[in-house]
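Dear colleague,

I am passing on the structure below, followed by a short account of what came out of looking through it. Please read the account with the structure open beside you.

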Amino acid sequence: MADHTILLESGTNELEIVEFMLNEHNEKGEAIPSYFGVNVAKVREIIRKPQMWKVPNAHPAIAGMMKLRDKVITVVDLATTLGKSVSCLAPDRVIVLEFNRMMIGVLVNGVSRIYRISWEQVEPPVRAIESAYVTGMVKMEDRIILILDFEKIVGEICCMDVLHEIGHDQLLEGAILDRSRHRILVADDSTFIRNSICSSLRAAGYNVEEAENGEEAWNMITAKLSHCRSTGTPLRSELDLLITDVEMPKMDGLHLTSLVKKDDVLKELPVLIFSSLATEDNRRKWKDLGALDIVTKPDLPNLVKIADGVMN
């Protein structure tokens, strides 16, 4: 997992995923694995299941607490979260994830390997697949790997505000700033996150358009650019700001940012990256791609403040 940092700074539209399994019984009592994936950039380490302590009155999907060196972290029973039946083999591995400035463990039956793939191979989930916790799927030769929305999972199970609400004083300020004349495009594959961002920006007074991934956002941007060129109007008449996630099917936010910044006209478009992977190290790398600023996902009010700074 040593070279995944290269993917977070180059805009190559590639990622590495850790494939892991949950096992269920079939009618014969045999273990049938389901395959899932998570971005390597979120994986702190993978360990054998340690001693754990129960948490009184906790959510049913919280398996307990464990000690990891100098930290005590919550461990999630992923099978319970996804509504799986009781496994014929008890989970014996814990994937320790770190994102949104927090750390959490996830119980799984096994970790198989790491794949390096293009985001073009990650397809949006069909409605019939799994649940609202799935943000993408990768079709391999003999199986399908489902990419899970761990921000949503953790937010619901641990009763945490994955996105802090925008303050009432900022809503009042919107009337003074007249945000209604500004247009923002938000690209995020998570319906949960995208709805939260867009509803807050709209509540603040901005005109907001939505894209489910970087490819859709790029098509929308180039269509606006073509319209501006044919009418002789400036790009700011169509779009003032792009806010993009990093992890998205078809095209990730880093590749989207690099495409924008390579165009002679679009390079003036401000780009904010809104990501759970926004560590200090990644912030420096992503600014080198041309991003105006980087905001971690819990910090929604700061997103509005930055947008205000761009517009005024």
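Phe99 stands opposite Met102, which belongs to strand 7, and the two strands concerned, strand 6 (residues 93-99) and strand 7 (residues 102-108), pair in the antiparallel sense over 7 bridges. Please keep in mind throughout that this is a predicted model.

In general, nonpolar side chains tend to be buried together in soluble globular proteins. Here the largest nonpolar core has 29 residues, of which Phe20, Leu78, Leu97, Leu148 and Phe150 touch the most other members. The elements giving two or more residues to this core include strand 1 (14-25), strand 2 (31-39), helix 2 (78-81) and helix 3. Leaving aside residues up to four places away in sequence, Leu78 touches Phe20, Leu22, Val106, Leu107, Leu148, Phe150 and Ile153. Another core, of 21 residues, lies apart from this one, with Val186, Ile197, Leu272 and Ile306 among them.

Ile306 is also one of the buried residues of helix 9, a helix that is mostly covered, with 9 of its 12 residues buried. At 1.5 Å a residue, the 12 residues of helix 9 (residues 300-311) should span 16 Å, and the 17 Å between its end C-alpha atoms agrees with this.

As for charged pairs, a search of the whole structure finds 19 salt bridges. In one of them, Lys42 pairs with Glu247, their closest N and O atoms being 3.0 Å apart; the pair links distant parts of the chain, 205 residues apart, and both Lys42 and Glu247 are buried.

Glu210 and Arg194 also meet through their side chains in a salt bridge (3.1 Å, N to O). Glu210 lies in strand 13 (residues 207-211) and Arg194 in helix 5 (residues 191-204), so this pair ties together parts that are 16 residues apart in sequence. Glu210 counts as partly exposed, at 28% relative accessibility, whereas Arg194, at 7%, counts as buried. Finally, Glu19, Asp142 and Arg143 are linked in a network of salt bridges.

With best wishes

Key:
Residues numbered from 1 in each chain as written. Predicted model: local features only at pLDDT ≥ 70, side-chain atom pairs only at ≥ 80, totals over all residues. Heavy atoms only, no water. Pairing = 2+ DSSP bridges. Helix = DSSP H or I, 4+ residues; strand = E, 2+ residues; numbered from the N terminus. Core = buried A, V, L, I, M, F, W, Y, C linked by side-chain atoms within 4.5 Å. Buried < 20%, exposed > 50% of the residue type's maximum accessible area, 1.4 Å probe, protein only. Contact = heavy atoms within 4.5 Å. Expected span 1.5 Å × (residues − 1). Salt bridge = Lys/Arg side-chain N within 4 Å of Asp/Glu carboxyl O.
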